[in-house]
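Morning, everyone. Please keep the picture open while I talk, and follow along residue by residue.

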Amino acid sequence: MTMNSVGRPTAPNAAANGAEGFASLTGARGLLQDEPLLFELGGWDKTGVDFDAPDHDASDLGDLVRAAPIGLAGLSEPETMRHYVRLSQKNHAIDLALYPLGSCTMKHNPRLNEKMARLAGFADLHPLQPVSTTQGALELIDRLAHWLKTLTGMPAVAMTPKAGAHGELCGLLCIRAAHEAAGHGHRRRVLVPTSAHGTNPATAAFVGYSVEEIAQTADGRVDLADLEAKLGPDVAAIMVTNPNTCGLFERDVIEIARITHAHGAYFYCDGANFNAIVGKVRPGDLGVDAMHINLHKTFSTPHGGGGPGAGPVVLSAALAPFAPAPWVVHGPDGLTLVEEAKDQAAQAFGRMCAFQGQMGMFVRAYAYMRSHGSDGLRQVAEDAVLNANYIKAMLSAEMTPAFPDGPCMHEALFDDRWLDGTGVSTLDFAKAMIDEGFHPMTMYFPLVVHGAMLIEPTETESKRELDRFCEALLALARAAKAGDAQRFTGAPYLAPLSRLDETLAARKPKLTWRPEHDATPAAE
Amino acid sequence: MNQRVFPPRVIPVLNCPDNLIRENPMRFTKDHEWVEVDGDVATVGITAYAAEQLGDVVFVETPDVGKTIKAGDGFAVVESVKAASDVYAPISGQVVEANAALGDAPETVNAAPEAAGWFAKVKLANPAEVEALMDRPAYEAYLQTL
Amino acid sequence: MRYLPLTPDDRAQMLGVIGAPDIDALFADVPAAARKRELFDLPRRAGELEVERELGLLAARNRPAGSGPFFCGAGAYRHHVPATVDHIIQRSEFLTSYTPYQPEIAQGTLQVLFEFQTQVAALTGMDVANASMYDGSTACAEAVMMSQRVTRREKAILSGGLHPHYAAVTQTIAHAEGMHIVRQAAALDAEAAVIAAIDAETACVVVQTPNVFGVVTDVTRIAEAAHAAGALLIVVTTEAVSFGLLKSPGEMGADIAVAEGQSIGNALNYGGPYIGLFACREKLVRQMPGRLCGETIDAQGRRGYVLTLSTREQHIRREKATSNICTNSGLCALAFTIHLSLLGEVGLRQMAALNHSRARELAAALGGVVEVLTPRFFNEIAVRVPKRAGDASSVVEALLTDGIVAGVPYSRLDPHAGLDDILLLACTETTTSEDIAALSAALKRRLGQ
């Protein structure tokens with residue numbers, strides 16, 4: 001036989017057991033590398049792209065040419081790869097573990113969608129090439145629009161808004177245009193529940209409306225009496241999220257729509273939480289006049305660290321004539337785009353963005369819808385709601401649900417009563433979740449619940465993963481109640497960085513790297 | 001103060017010894033602004049209670065000098081990391097000076113809210129407005145009700 | 001269904017834990033009249049293969065820009081994006097993460113944003129930049145609204161060289177907020193008209209360079225006139241690669257610079273997603289819209305990054321926010337930053353020089369065939385087609401039969417300007433001499449020369 005004469009030990013010895021207090025000499029932590037800024041790594045004369053020399057110079061441009069250095073840093077291709085792969089490893093991601101941000105719908109992002117969006121026939125299309133050369137793209141937009149209209153029970157959809165808030169803006173501009181066309185330009189007030197997402201009042205103010213809050217009932221719904229009292233001849237619209245940001249279905253939604261319409265106002269629905277009812281309930285049957293759909297939530301297009309999103313807005317028959325350009329129409333020579341509203345529809349309120357909207361997101365969302373079908377989408381809603389109620393039931397053993405009576409929809413809301421006397425805040429608790437391998441839930445939102453913790457698991461979590469999550473949170477809750485406050489108040493301990501000084505960042509803003517910049521800013 | 005943050009459940013104890021040696025008594029509003037009158041000019045700021053509630057102040061938007069303000073209207077904004085709050089004018093008048101030092105050192109509002117952390121000096125349009133405000137014992141009693 | 005992990009057994013067990021008899025019990029709050037028993041009238045689920053087949057058929061009915069000579073620009077540009085870019089942006093940690101609200105576990109995204117902001121500030125010659133907007137047109141509208149907050153004036157003057165879609169978006173959104181938008185008539189050289197229109201009510205003037213007709217403009221005089229009147233100058237750029245060759249907006253006196261960043265790192269995507277760049281002078285930072293990433297330290301003194309100055313934003317300021325924007329173009333910003341890291345200073349300058357060189361080649365080749373109108377250009381020119389050829393649209397349609405996409409008729413952007421004979425043509429580093437020769441030959445043939 002041959003002998004291994006090197007004799008390398010193949011089992012850990014005692015010294016490798018427990019590295020408490022161990023620090024590396026370089027600051028690296030095994031696979032987790034410290035990574036400087038691009039500008040500290042790269043050089044002005046370094047590049048990762050090879051070009052041919054130009055045939056002509058820029059002498060024709062005279063002094064319009066930029067003489068001074070731009071101030072960019074370059075890296076070769078291998079250095080670029082390392083830099084960004086190292087940075088990527090400092091991020092939490094859905095592909096890694098549960099990402100239970102309430103009202104954000106962090107579900108699995110199918111890679112089929114990515115593959116489809118990258119087909120040259122979609123990705124390599126110019127928005128202004130002749131429509132005769134983009135019939136398949138227009139057909140896809142038209143099919144997606146058909147799905148969105150069918151799923152919401154609404155007759156029209158404006159496809160161009162680029163995210164949820166942009167969709168809200170589009171919806172309110174339609175409403176404003178409709179009021180003005182009817183001679184009701186004096187309607188300038190918008191009613192928004194106290195639990196609304198910040199984009200609702202911000203959007204209303206953006207279009208020049210004043211904002212008034214609608215009170216909430218003890219069971220977390222719109223207070224009908226308060227709504228009725230505040231409705232009047234100067235109200236343009238109400239903006240209500242349904243299911244709402246407490247994770248509850250507005251039981252009285254049909255009545256809300258009725259009294260809103262009786263006062264001549266429109267019902268804008270924030271569709272951020274559409275995932276809870278997709279395939280089961282059509283907002284059109286509830287009396288909604290306009291609702292944006294976050295394709296990056298319900299229809300699985302990736303959040304990408306903060307976008308891009310897409311926020312098509314479905315519209316009732318009353319609002320449809322005011323939708324912005326461009327839109328797809330069927331003509332004698334196939335599909336075409338109406339790009340200039342003035343020609344064909346004098347009432348269109350204008351334009352939301354430069355081109356046709358988020359085509360790359362349309363392809364992904366359509367691939368997702370086709371994959372699920374009407375049957376799969378209904379199952380999406382049911383599983384999303386089931387998962388949330390399961391979490392609510394499991395965690396109620398130690399935590400206090402904000403609205404214990406009755407089921408929740410796709411997200412479970414807890415308050416911080418159960419932390420009373422522990423010296424641990426909602427923030428501390430959330431940060432301790434990081435050490436256990438989970439992304440924190442949405443905290444301190446909605447504003448109507450003290451120390452709110454809003455947990456949205458989505459339908460793409462397995463029971464095993466939900467159990468792991470619940471066990472971790474219950475163990476943390478017991479630790480907090482047992483007086484182990486330090487586990488929380490200093491958390492996270494195991495993340496790439498510990499808590500960051502947001503006060504310093506805001507008092508002395510450093511928003512760009514500058515050459516004279518110290519590597520580490522001094523603490524104040 | 002129109003705050004969007006949740007107040008802690010325990011009301012902090014006021015600790016402002018600098019008030020004891022003041023010549024002119026301070027007056028307070030239910031929105032936690034204070035006023036100190038010297039002749040026909042009032043110095044305006046936010047109370048220690050308000051500063052404590054806000055947490056670390058990171059920015060103060062003071063009013064332009066020369067601006068006419070009306071009692072009850074927002075005339076300044078004070079920001080912490082997670083909250084922006086309007087500061088309402090306790091009295092009416094014309095702004096004669098703004099506290100420029102807060103631009104570089106907003107933390108002064110936390111360190112000395114009822115002294116160096118003042119926001120603006122206002123030439124009073126209606127001195128009677130001051131009389132309608134709470135004195136310190138009344139304000140402290142009011143805080144206990146929150 | 002392949003994306004749904006729960007089994008029927010799981011569901012039954014979970015309902016047991018919840019104490020609900022069936023799934024319908026969880027939807028008890030939905031009014032009975034609105035609960036749909038039957039499935040919606042849409043196709044049922046489909047396997048991956050079937051979906052690929054359907055989408056493949058749709059994609060095949062489009063003519064990709066790269067499949068032949070292609071000269072469209074006018075706000076979107078076909079550039080070569082290195083393979084590394086698309087690989088990195090598909091890493092799970094970037095693709096499937098959310099807005100970095102928990103900085104301890106989002107330093108990857110945050111450091112990229114800090115690098116992005118630094119790159120955008122450098123390109124535009126400004127002090128600070130935000131973490132991106134939806135696209136160049138919405139960035140333009142936001143800049144106009146910001147000028148109202150800064151100057152407390154209502155009037156915005158949009159130059160006749162501004163991309164008509166940008167003008168339309170600005171008119172729609174800024175007008176809704178109560179601003180008075182003065183849109184000047186389309187013109188290749190808009191400088192004199194812009195300067196003449198500035199008055200004491202003017203909040204801002206919006207000037208594009210290179211403008212929609214490709215004309216490169218030194219806006220220094222406009223900046224002086226605006227500043228003398230107490231107004232802001234907003235400079236718009238739709239082709240971000242031009243920053244590698246041309247004087248920056250900051251050098252010419254801009255107060256706010258906005259741009260479409262699609263050209264760097266991002267595919268054409270039939271119009272979106274794109275990425276709005278937004279930069280300004282430091283003293284205006286608190287009036288900026290959108291997210292900002294800033295440097296700070298952690299509890300142990302280590303450098304790190306956080307979203308900062310959030311009190312400007314909707315989630316805190318609500319109806320008093322500087323903008324309603326929430327989700328922006330994060331992943332497009334990542335692609336932009338990676339591509340620009342690969343390019344670096346020398347690479348971007350080479351790329352820009354190559355774009356310009358190709359456009360010179362194009363202008364020279366077309367010079368004898370059509371009237372080239374753009375006197376100073378970067379990578380795009382406007383030409384006038386002769387009357388006998390009909391209008392620019394009919395020229396484009398005719399050349400399609402030769403397999404050439406011959407640019408964008410100006411009338412497609414603005415049908416009411418009376419400029420039906422103007423054709424906009426762009427070149428990039430992807431354009432070959434053969435493409436240019438083919439275009440020139442086909443045009444000659446069609447125009448009967």
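Start with C:Glu52. Its relative accessibility is 24%, so it counts as partly exposed. The cut-offs are these: buried is under 20% relative accessible area, exposed is over 50%, and partly exposed is in between, with a 1.4 Å probe and protein chains only.

A word on the ground rules. This is a predicted model, where local features need pLDDT of at least 70 and side-chain atom pairs count only at pLDDT 80 or more, while totals for chains, interfaces and linings use all residues. Residues are numbered from 1 along each chain as its sequence is written, chains are lettered from A and ligands numbered from 1 in the order in which they are written, and side-chain values use heavy atoms, with hydrogens and water left out.

Back to C:Glu52. Which side chain does C:Glu52 meet in a salt bridge? A:Lys115, at 3.1 Å from N to O. This pair crosses between chains: A:Lys115 sits in helix α3 (residues 111–117) of chain A, and C:Glu52 in helix α3 (residues 48–60) of chain C. A:Lys115 is partly exposed too, at 46% relative accessible area.

Two terms there. A salt bridge is a side-chain nitrogen of Lys or Arg within 4 Å of a carboxyl oxygen of Asp or Glu. Helices (H or I, at least four residues) and strands (E, at least two) are DSSP runs, numbered from the N terminus.

How many salt bridges are there over all chains? The search of the whole structure finds 62. Some link up: A:Glu139, A:Arg143, A:Arg370, C:Glu50, C:Glu54 and C:Arg61 form a network of salt bridges.

Now a pair within one helix. A:Arg468 and A:Glu465 bridge at 3.3 Å, N to O. Both lie in helix α13 (residues 463–481) of chain A, three residues apart, about one turn of the helix. Buried or exposed? A:Glu465 is buried, at 17% relative accessibility. A:Arg468 is partly exposed, at 35%.

Next, another pair across chains. The side chains of A:Arg507 and B:Glu107 meet at 3.7 Å, N to O, in a salt bridge. A:Arg507 is in helix α15 (residues 502–507) of chain A, and B:Glu107 is in the loop between α2 (101–104) and α3 (108–111) of chain B. B:Glu107 is partly exposed, with 27% relative accessibility.

Step back to chain A as a whole. It has 15 helices and 12 strands. Its C-alpha atoms fill a box of roughly 90 × 75 × 60 Å along the principal axes. Of its 524 residues, 63% count as buried. Take its contacts (heavy atoms within 4.5 Å). Among those with a separation of 6 or more, 70% join residues 24 or more positions apart.

Last, strands. Two strands pair if DSSP finds at least two bridges between them. Strand β8 (residues 327–331) and strand β9 (residues 334–338) of chain A pair antiparallel over five bridges. They form a hairpin with two residues between them. Within it, A:Val329 stands opposite A:Thr336.

There is also an open sheet of three strands in chain A, antiparallel, in the order β10-β12-β11. Its edge strands are β10 (412–414) and β11 (442–443), and each pairs on one side only. Two bridges join β11(A) to β12 (residues 453–455). A:Met443 has A:Met453 as its bridge partner.

That's my tour. Questions, please.
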